[in-house]
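This briefing covers the model shown below. Please have the chain letters and residue numbers at hand while reading.

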Amino acid sequence: MSGSMLPRRYRVTENRRDTADTRTLCLAPLDEPIPHFRSGQFTMVYVFGVGEIPLSISGCPRVADHTLVHTVRAVGAVSAALCSAEPGTVVGVRGPFGTDWAVERAAGRDLLFVAGGIGLAPLRPPLLEVLSTRRDYGFVSVIAGARTPSEHLYRDEDEGWTARGARVLRTVDRAPADPGTRRPEPWTDSIGLVTDLLPRVPLRPERTTAYLCGPEVMMTHTGTALTKLGMHPADIVVSLERNMRCGIGVCGHCQLGPDFVCLNGAVTTLDHAEPLLAVGEL
Amino acid sequence: MGTVTAAPARPSPPRRAMIAVEALDDLLNALRTAGYEPVGPTVGSGAIVLDELASAADLPHGRGSATGPGHYRLTERADGAVFGHSAGPQSWKQYLHPARRALFSADRDPATGEVALQTEPEAPVRYAFIGVRPCDLAAIKVLNRALRRPRDGDSGPFIVAVECTEPGAVCFCASTGTGPGCADRDGEFDLALVETDHRFLVTVGSPRGDAILDAVPHGTVPEGMLEATRAAVTAAESRMGRSLPATDLRVLLARSAEAGHWDDVAARCLACGNCTMVCPTCFCTSVEDTTDLTGDHAERWESWDSCFDIDFAYLHGGSVRTSTKSRYRQWLTHKFGTWHDQFGTSGCVGCGRCIAWCPVGIDVTEELTALDEEAAALSAPRTEEAR
């Protein structure tokens, strides 16, 4: 037991700013690295003396040099400590845990990635994986939503994703005035919900697998919209979020009905998740 | 063809013997000689508690217990029975899954920032559990499965079970199929006793149980003792203080997520978590990170947690289960329903502790019955209305 609860040491090699509260960290192993991850899996990252949190991996699984890439939003003590971790800082890592997006199972099909806010981070690994074997898939579309323009992740990667054959659409809830200049943040893409952009991607319902990651309400709303467009809920894959502490299904915190989200999730299909999410406070 | 496969040997009747109450000391000594640390029921803090047994005199001779919803008192017994009590506030969980344990410690070199992580080497104590009730015997199995532990076989605690002839008022192990007897549960115990008139019928359940019995003065089973003790255990089945509704609880709970009765329970439940602390199978834990005053020595501790705690299902932005109703529903539904999905059995063994130690006397058997009645009322044909 203590073996699986003892983190392996990693060193922060890079800390890049993504948005005002979000950073992308690159970690390199100091000890024997954790086993290789599959896209959609998560790790538990320990900050010395502060605590441990689940973080989805945002790097490409095809990069097999044992480094880990995590995109972290500062929302609590541990995530804030990680966001301010200087290169050289030693952290602990356990994992990888949970299920994965399994994009290889959708070979030959059209893929639709729909992300809300930081939900784009867990979708980056499968997207990069797909783009590295682009010919195995039909249409590949990405719809990313964020509250404001400056909260969009990885905008500098849009060009590369597009060049490699993905259709990338971005939207914001609003483009507020910059408090300094009092001018609206520059934004030439759409304003509105991610579902508003569905008509703008090529959608062949029976040939499409959709991958949704973001706030629960965004995923259920998008799932409903896709189902109305003719998609089967078993072809709609979502990533759930619950309080995950051990990663190995023994601490009990992440239960959602019969599921331990850390074991039976976080990635699961909408036909499985929908009845569970439909019950309030489950 | 041509290969003769021997039919599996028909299990012969288990070895049985009789020991006198005076031989309990010999039993403890034999266990100690074999390298076990005997722990078992003893009187402390006005209750039957589990502790190390220096001698058989530490056992609760002549003490019983009176239980009820929100009620537990020690009583005197005229018959001097050693195991004449029902479940106390503790269970074997405190040894198998301690309330608090260190996971690791970390030291940071203040000059270089380098960090070293280390686990404390665990010095495993080989316990002998004395007086394990059949309900608690089942709980050990359920708990180990929930903690995803491999079967520990001979490396696990030595188990001296005591079959139950005197169930308490909050007991319902006959409903959960986990008692009052256990002599037929091969591989779960090393020795199983039934107490009658200052003597014990002993059933051997394992090779190491066999070896221990050899080291204890014992006699052959007197004529009629086997039948009399079996009859006493069977009779206990019909004297259970409580029972579960005769329905498939897994199905009932799966369709009761939106039942109105949860509001009724929530109006009484204090969300104190006592039920989860005394439950012999509740396994949830939390972790706590600490540093010393230098800030360069950190520790990580695991401790029991309760799904009744508002932070139990916390996500940034708030708790998933803010209402008491949703937390009680989680506990009861997990224990009697989704536990089956996760581990293939119920999480309840019918010991009744959650009823006795609920400060407001909430009774799971009554709540499940109420849910069953609500479900039945909803699905019953509304002939009156139809007219």
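This is a predicted model: local features need pLDDT of at least 70, side-chain atom pairs count only at pLDDT 80 or more; totals for chains, interfaces and linings use all residues.

Which residues touch the most other members of the largest nonpolar core? They are B:Ala161 and B:Leu193, in a core of 169 residues. Helix H3 of chain B, residues 134-146, gives the most to this core, with eight residues.

**Chain B overall**
- Chain B has 13 helices and 15 strands.
- The C-alpha trace of chain B spans about 85 × 65 × 65 Å along its principal axes.
- Of the 387 residues in chain B, 43% are buried.
- Among contacts in chain B with a separation of 6 or more, 71% join residues 24 or more positions apart.

**Domains of chain A**
- The domain assignment divides chain A into domain 1 (2-97) and domain 2 (103-239).
- The centres of domain 1 and domain 2 of chain A, taken over C-alpha atoms, are 24 Å apart.
- Domain 1 of chain A puts 15 residues into the contact, and domain 2 of chain A puts in 14 residues.
- On the domain 1 side, strand E1 (8-19) and strand E5 (68-73) of chain A are the elements that give two or more residues.
- By class, that side of domain 1 of chain A holds four nonpolar, eight polar and three charged residues.

Technical notes
Residues are numbered from 1 along each chain as its sequence is written. Chains are lettered from A and ligands numbered from 1 in the order in which they are written. A nonpolar core is a set of buried Ala, Val, Leu, Ile, Met, Phe, Trp, Tyr and Cys residues joined through C-beta atoms within 7 Å. A residue is buried if 20 or more other C-beta atoms lie within 10 Å of its own, exposed if 12 or fewer, and partly exposed in between; C-beta atoms are placed from the backbone. Helices (H or I, at least four residues) and strands (E, at least two) are DSSP runs, numbered from the N terminus. Domain bounds come from an automatic or database domain assignment. Two residues are in contact if their C-beta atoms, placed from the backbone, lie within 7 Å. Ala, Val, Leu, Ile, Met, Phe, Trp, Tyr, Cys and Pro count as nonpolar, Asp, Glu, Lys and Arg as charged, and the others, Gly among them, as polar.
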